[in-house]
Amino acid sequence: MKQELLQAQALHKRYGTREAVRGLSLTVGAGEVLGLLGPNGAGKSSTIAMLAGLSRPDGGSVTVGGAALSQDEFAYKRRIGLVPQELALFEDLPALANIELFGALYELPAAQLKARALAVLAQVGLAERAQDKPSSFSGGMKRRLNIACALVHEPDVLLLDEPTAGVDPQSRNAIFEQLEALKRAGKALIYTTHYMEEVERLADRVIIMDHGQQVAHGSLAELYRLLPAAETLKLELDREMDGALEATLRALPGVQQLQARGSQLQVGLSELGAGSAAVLGALAAAGFKLRHISSGRANLEDVFLALTGRQLRD
Amino acid sequence: MNAFLALVRKDLYLHFSNRRAVLMSIIAPILIAAFFGSLFGSKSGGSKASPVPIAISDQDHSPLTAKISAALQADPSLAVQSLDADAALAQVKAGKLRAAIVLPAGFGEQAGRALFAGPEGKRPEITLHYDPSQAMVLPMVRGLLAQHVMQLVSADTFSGQGAPVMKDMRAQVADNTALPAEQRQELTAMFDSIARVQERSARAPQAGASSAASASAAEPGRSQGFTMSPPFSTRELEASAKADIPYNSYAHSFAGMGVQFILMMGVDIGVALLLMRRQGLWQRLRAAPLSKARLLGSRIASCTLISLIIFVLIYAVAMAAFGVRVQGSWLGFAAVLLAFSLLTASFGLLIAALGKSPEATRGLAILATLLMVMLGGAWVPSFVFPEWLQTASLFIPTRWAVDGLDAMTWRGLPFSEALAPVGVMLGFALAFGALAIARFSWEE
């Protein structure tokens with residue numbers, strides 16, 4: 001069992017009459033990535049703000065390595081690194097100076113600061129741009145520098161609030177590789193996003209949030225098991241199906257779920273091969289022609305839909 | 001301390017590496033101060049005030065009014081044109097002349113009698129048309145008119161030309177049974193003495209001809225013989241710091257423009273804090289193990305330092321290129337600069353605390369700054385304000401800043417005179433700072 005570095009118990013946060021976070025508990029251990037997944041307004045950023053000590057919880061507690069935020073704020077904050085959702089960089093300060101500044105805020109000794117800053121820049125692949133200003137960087141480079149500024153003081157826990165927003169796929173991949181490297185180095189990462197692909201790639205465990213609450217929690221495999229079907233077959237027929245055929249299809253072995261909407265058909269199967277053959281055979285026997293067919297593995301979007309009845313993305 | 005210094009150093013670097021910020025906070029005030037300083041230069045300093053353009057309309061055409069016209073035209077403070085009344089008024093209305101004097105018909109005959117008419121007596125009325133946008137000119141023109149008219153009317157009345165007037169006045173007194181007999185006798189004796197002087201003056205021009213002629217040549221419009229004149233002469237001395245050092249108008253203009261542009265820089269720094277919130281930078285700073293006091297304190301410190309540096313640079317140019325000097329106390333001068341710099345810093349923090357979006361806040365803050373600067377006497381000296389406004393401006397911190405700098409530079413006052421401005425500005429700084437801290441929203 002991984003050593004738990006950060007523990008949050010029953011966090012509550014209210015803004016006026018709106019409850020942004022309701023009783024959320026989470027833990028993350030060394031070398032582990034915990035994904036916080038949810039649509040916009042789910043409470044992810046509010047959770048990160050509380051974990052980073054930016055906003056005071058209205059209820060609950062949070063500790064890092066035994067240091068409680070409410071009792072030893074500075075010791076707590078020294079062990080946390082925050083990568084904000086915005087590009088929190090001084091655009092007119094050279095990249096190295098940005099990192100040195102943030103390192104100085106954590107009282108890193110001046111003698112070590114420059115070396116540490118250069119090392120972190122190299123870690124995110126920006127060593128050659130040390131003296132350049134972020135205003136001349138691409139979006140992906142700025143995101144990497146954004147991460148570097150949070151690493152300079154060697155935190156145990158890294159809080160990343162949608163760190164790839166607005167980034168091209170290539171840069172996003174580079175960021176993922178860096179985060180995976182940090183994970184291998186023993187850092188604990190809490191990663192918020194509303195892109196399930198990111199969580200599916202990086203996270204060891206996921207908390208799915210909606211309306212400030214946890215709706216599901218576990219590893220990816222555990223979350224997929226919440227679904228009635230592990231595989232999905234999507235079909236577009238040449239005409240709408242009648243109720244009799246629908247009943248026939250539901251009774252086929254391996255068919256765990258069926259949704260028909262006009263000529264669109266979505267079938268949840270326990271196993272793709274045999275199941276899809278049975279479905280296609282039944283449709284052919286009934287004289288239906290296929291316009292389009294696709295298949296897919298269950299994803300977190302499906303989990304969220306199954307749990308909340310809503311799409312993960314607006 | 002490391003974190004505090006790092007934050008201050010960062011602010012200094014970002015400000016002074018920003019070309020636009022340097023241009024606006026240093027170059028612009030120097031240029032504008034130089035312009036205003038040249039406009040309001042001292043007379044004894046070599047730049048002369050332009051004569052006031054006025055018109056005179058002589059509707060009497062008497063020898064007396066001709067002399068009055070000539071005397072006014074010879075006055076170096078005035079640039080006089082002779083026009084008819086309607087043309088003169090039109091010029092004043094058009095803003096081409098500051099005032100027009102209309103000497104009415106009968107003035108020559110009535111003025112002499114009016115000397116003895118008493119406060120309730122009838123006197124001829126001179127119309128003074130003046131440009132209302134230049135109301136300051138009116139007292140000056142009125143004063144010069146009174147001076148020349150008094151001199152010439154008295155000269156005329158008490159010389160041979162005034163004999164008929166004296167004769168009439170004597171007759172009036174003699175016939176005035178309301179006066180006590182003794183008083184009537186004394187007054188008639190006075191008029192008889194004056195008549196004898198007048199006869200003597202009329203009879204003996206040759207005796208003092210050369211001196212009188214040369215005197216009248218030097219003072220056009222003056223008649224020969226007895227004349228009344230103001231019972232004093234004046235010696236005009238600038239009440240500047242030292243008798244041998246003339247007033248330097250650049251000292252005031254650099255004070256005013258320095259105050260204005262540094263305050264605007266404070267607005268920029270306050271708005272920059274709002275931008276930092278929007279960009280997530282403030283979040284990142286707050287996520288660090290820093291107390292609120294350190295975070296805000298570093299902001300105050302850096303803004304104070306930036307203000308001080310800018311002020312020093314502005315005054316360095318003022319001293320090197322425009323002859324501005326600290327004629328008073330250097331310690332007082334430094335104290336005023338420091339107090340104003342602290343005031344600017346806390347003002348910037350207050351803007352950040354009260355502001356919502358950077359865009360809306362900037363507009364309102366600039367308006368507030370312009371009002372403070374205007375009422376503080378940075379553009380127009382506060383003495384031209386109406387009295388109620390002069391009193392109200394004492395509640396504006398910029399008034400104290402400009403007054404304090406004036407006191408320590410061209411007025412040459414001692415350190416004790418810096419204490420009040422410094423105290424007031426520090427009080428405002430504390431008030432702004434306290435309000436800022438109370439209203440500062442730490443959570444997003």
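This is a predicted model: local features need pLDDT of at least 70, side-chain atom pairs count only at pLDDT 80 or more; totals for chains, interfaces and linings use all residues.
Reader: How many helices and strands are in chain B?

Author: Helices (H or I, at least four residues) and strands (E, at least two) are DSSP runs, numbered from the N terminus. Chain B has 17 helices and four strands.

Reader: Where in chain A do four strands form an open sheet, and in what order?

Author: Two strands pair if DSSP finds at least two bridges between them. In chain A the order is β2-β1-β4-β5, with antiparallel pairing. β2 (18–29) and β5 (67–68) of chain A stand at the edges with a single partner strand each, so one side of each has no neighbour in the sheet. Strand β1(A), residues 4–15, is joined to β2(A) by nine bridges, and Ala8(A) stands opposite Leu26(A) in β2(A).

Reader: Which helix packs on that sheet?

Author: Two residues are in contact if their C-beta atoms, placed from the backbone, lie within 7 Å. Axes are lines fitted to C-alpha atoms, for helices over the stretch in contact, and angles run from 0 to 180 degrees between N-to-C directions. Helix α1(A) touches β1, β2 and β4 (59–64) of chain A, and its direction makes about 120 degrees with that of β1(A).

Reader: How many residues of α1(A) are buried?

Author: A residue is buried if 20 or more other C-beta atoms lie within 10 Å of its own, exposed if 12 or fewer, and partly exposed in between; C-beta atoms are placed from the backbone. In α1(A), residues 44–51, eight of eight residues are buried, including Lys44(A) and Leu51(A). Gly53(A), which follows the helix, has a positive phi near 80 degrees.

Reader: Which residues of β7(A) are buried on its two faces?

Author: In a regular strand the side chains alternate between the two faces of the sheet. On one side of β7(A) the buried residues are Val157(A), Leu159(A) and Asp161(A), and on the other Leu158(A) and Leu160(A). Four bridges join β7(A) to β6(A), residues 80–83, in parallel, and five join β7(A) to β8(A), residues 188–193, also in the parallel sense. From β7(A) the chain passes through helix α6(A), residues 169–184, to β8(A) in a right-handed β-α-β crossover. Right-handed here means that, with the strands pointing away from the viewer, the path from the first strand over the helix to the second runs clockwise.

Reader: At what angle do helices α3(B) and α6(B) cross?

Author: The axes of α3(B), residues 63–74, and α6(B), residues 137–158, come within 10 Å and cross at roughly 145 degrees. The contact includes Leu64(B) and Ile68(B) of α3(B), and Val149(B) and Leu152(B) of α6(B).

Reader: How many residues does each chain give to the contact of chain B with chain A?

Author: Chain B gives 20 residues and chain A gives 24. On the chain B side, α1 (2–16) and α11 (281–287) each supply at least two residues.

Definitions and conventions. Residues are numbered from 1 along each chain as its sequence is written. Chains are lettered from A and ligands numbered from 1 in the order in which they are written.
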